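Open the model in your viewer and keep the selection tool ready. Each stop below says what to select and what is there.

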Amino acid sequence: MTAWPEVAAAGTRRRDDVLLIAAATTGVTLSALAVAVVLASEQPGDRSIIALASALAVAVPVLVGIGVWHAGEYVRFGRLLVAWGLVDFLAVLSYSSDSAVYSLGRIGVWVVEPVAIATMLAFPSGRLRGTVERWIVVVISATVAVLFVPTAFLVDTYPEPSFWATCQDDCPENAFMVVATEPAFVDAWVRPLRELITIAVYVAVVGVLYRRLRASTDLGKRMVAPVLTVAIVRSLAIAGGLALRRAAPASVALDVASWIFVLCLPALALAFFIGILRSRLLAGNALQRLALGLRHQTEAEDLRDVLASALEDPSLEVAYWIPDHPGRWVDAAGKDVQLPVGQPGRCVTVVRERDRQLAAFIHDPALREQRPFVEAAGSFAASALENQRLRAQVDASLESLRASRARIQAAADSERRRIERDLHDGAQQRLAALRVRLDLAAEAVAEDPKQGALLLRELGEEVEDALDDVRSLARGIYPALLADRGVEEALQAAARRSPVAATVTTRGLGRYPPEIEAAVYFCCLEALQNVAKHARGATSASVTVVDDGALRFDVRDDGSGFVVDSVLEGTGLANMRDRVGAVGGKLTISSRPGAGTHVAGVIPLPQAGRPVDPRLPVEGRSPG
């Protein structure tokens, strides 16, 4: 039977295959149409060269995008590149001699620019990374939407010459004009303003790419450098072309700038391809060095150094996942680590093996765009990371054990001081007073036997009170009922004493080693006491203890609940964990505001030959 995740993955692959075929078919069709539009045009120029350039403007981005998409490494960017290539077809329509098709093509020239800029800035992840990039795309999109496209309904002709069309003064008229005459403000300030904004946007794009290049690792530099080069050339072509169109519209330099502008579209797509190819070659060499380095590493620091060298990030940190309850991240020494998720200046990549978390790389944000490479490095180092994770888990266990022992010792010292205080303030004081009154009774018996007898009877009551103090003290150390009758009856007695109404439910219980019975009893007792002290609004509590091969217990209340992490230390919860952990068990505490609190524990028991308390007969136990 096929697992659901496998079915979903197969469905996704099939959908992607269909989309890839559709994209390829559409790209080929539009490229052929682009050639047909140019060959059928009556505009001047070498139509074969123009047709080739037009076909490349559509086909190259689509083909490169399909290749990137199919490779599966930068799927989102591949889709964006395909969309850009398809949109380029609209600009090719400006080569047409038909007025309506030509007008649609001139609008398409404007629409291409926001898509081209978004594609450059989103390389290679397919996402805009920062606020500056988003604002650049917003500004150019708003400029096209407000200052370019609306003028298509106001002008009789488009600015000439066009960067795409080869016509000069004999271009087709605008088919979309809806006014009688062109408003003066369009040529007076709309066109200059939008051209200045366009130039400024391209300068900003070059600045962003240059800043990204400076901040990148060698892997990132090899990827971004070709894109930056073509982006600079295209920006200069646009800026120079806009200036020449106003100053010298008939110059050869403007023709050169126009051709550079058009050819930069397929060139930019090839730059994306070259950048990804160069980064893959460098990544392959880095992974080879990593594989060789892993053969010689033996310690956690050696592993970190090898990974830092391969990823070119000296600040790299490695954290290991410890699947306790709850799970946590630790460093190589077993100390807790808080992953800097969402913090500026650091990024986190989790290394997985199948569905298990092994480790996390805390690295420089410059590696964010090389996440597939970082994940590949983690996969190469999976075995070494697993070994170090196990070492870290042992160290974390030892650290927890040391902390637990320290808490247990502190609790024992505190309990000893409490016993000393109770003895001094309670039984000891009563016994000292009893000794004084015995002396007085002895004297009274000698002088007045009747009065002496009366004093002796009063002393008997004092002796009973002293015995009650001693019994109460003994119950606080280890309840006699727990030692004599086991967990069930001891918990029943504790529930009857609870200030909050409590019920006890048991199933299959027998007798167990004293340390296990004490762990269950005192954890349940501590939970009931916490209900009485801290569970605001609690009206009832329930205690359940079950033996189903393991000894399981849970305590629930209907109080207001709390955020567990905020009160995990103090309130006795750490002591409860230590008690259960000392007998090999696990304790979980869950609560949320308005939903009460649930304390649950499980203590493993042997399935056969389970040790029992020798103070009770075996028949008192239910079969395990």
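Select L209 and show its surroundings. Beyond its neighbours within four places in sequence, L209 is in contact (heavy atoms within 4.5 Å) with M120, V224, V227, L228 and A231. L209 sits in helix α6, residues 184-215. Helices here are DSSP runs of H or I with at least four residues; strands are runs of E with at least two, and both are numbered from the N terminus. L209 is buried, at a relative accessible area of 1%. Buried means under 20%, exposed means over 50%, and partly exposed lies in between, using a 1.4 Å probe and protein chains only. Now put a distance between the C-alpha atoms of L209 and V227: expect 8.2 Å, although 18 residues separate them along the chain.

This is a predicted model: local features need pLDDT of at least 70, side-chain atom pairs count only at pLDDT 80 or more, and totals for chains, interfaces and linings use all residues. Residues are numbered from 1 along each chain as its sequence is written, and side-chain values use heavy atoms, leaving out hydrogens and water.

Zoom out to the whole chain. It has 16 helices and nine strands. Of its 624 residues, 45% count as buried. Among contacts between residues at least 6 apart in sequence, 69% join residues at least 24 apart.

Go to F123 and P124. A cis peptide bond joins them, with omega about 0°. P124 belongs to the loop between α4 (99-122) and α5 (131-148).

Next, select β5 to β9. They form an open sheet of five strands in the order β5-β6-β7-β9-β8, with mixed pairing. Its edge strands are β5 (501-507) and β8 (586-591), each pairing on one side only. Two strands pair if DSSP finds at least two bridges between them. Neighbouring strands in this sheet are turned by 10° against each other on average, direction ignored.

Axes are lines fitted to C-alpha atoms, for helices over the stretch in contact, and angles run from 0 to 180 degrees between N-to-C directions.

Stay in the sheet and pick β7 (residues 550-557) with β9. Seven bridges join these antiparallel strands. R552 has V602 in β9 as its bridge partner.

Now click T597, in strand β9 (residues 597-604). Is T597 buried or exposed? T597 is buried, with a relative accessible area of 11%. Leaving aside neighbours within four places in sequence, its contacts include V555, R556, D557, F562 and I589.

Show helix α16, residues 573-582. It lies across β7, β8 and β9 and runs at about 150° to β8. Colour L573, A574, M576, D578 and V580: these α16 residues are buried. Then step to G584, which follows α16 and has a positive phi near 80°.

Finish with helix α14 (residues 487-497) beside α15. Their axes come within 10 Å and cross at roughly 15°. The two helices are therefore roughly parallel; that label covers angles under 35 degrees, with over 145 roughly antiparallel, 65 to 115 roughly perpendicular and the rest oblique. Show side chains at the meeting: V487, A490, L491, A494 and R497 of α14 meet E517, V520, Y521, C524 and L525 of α15.
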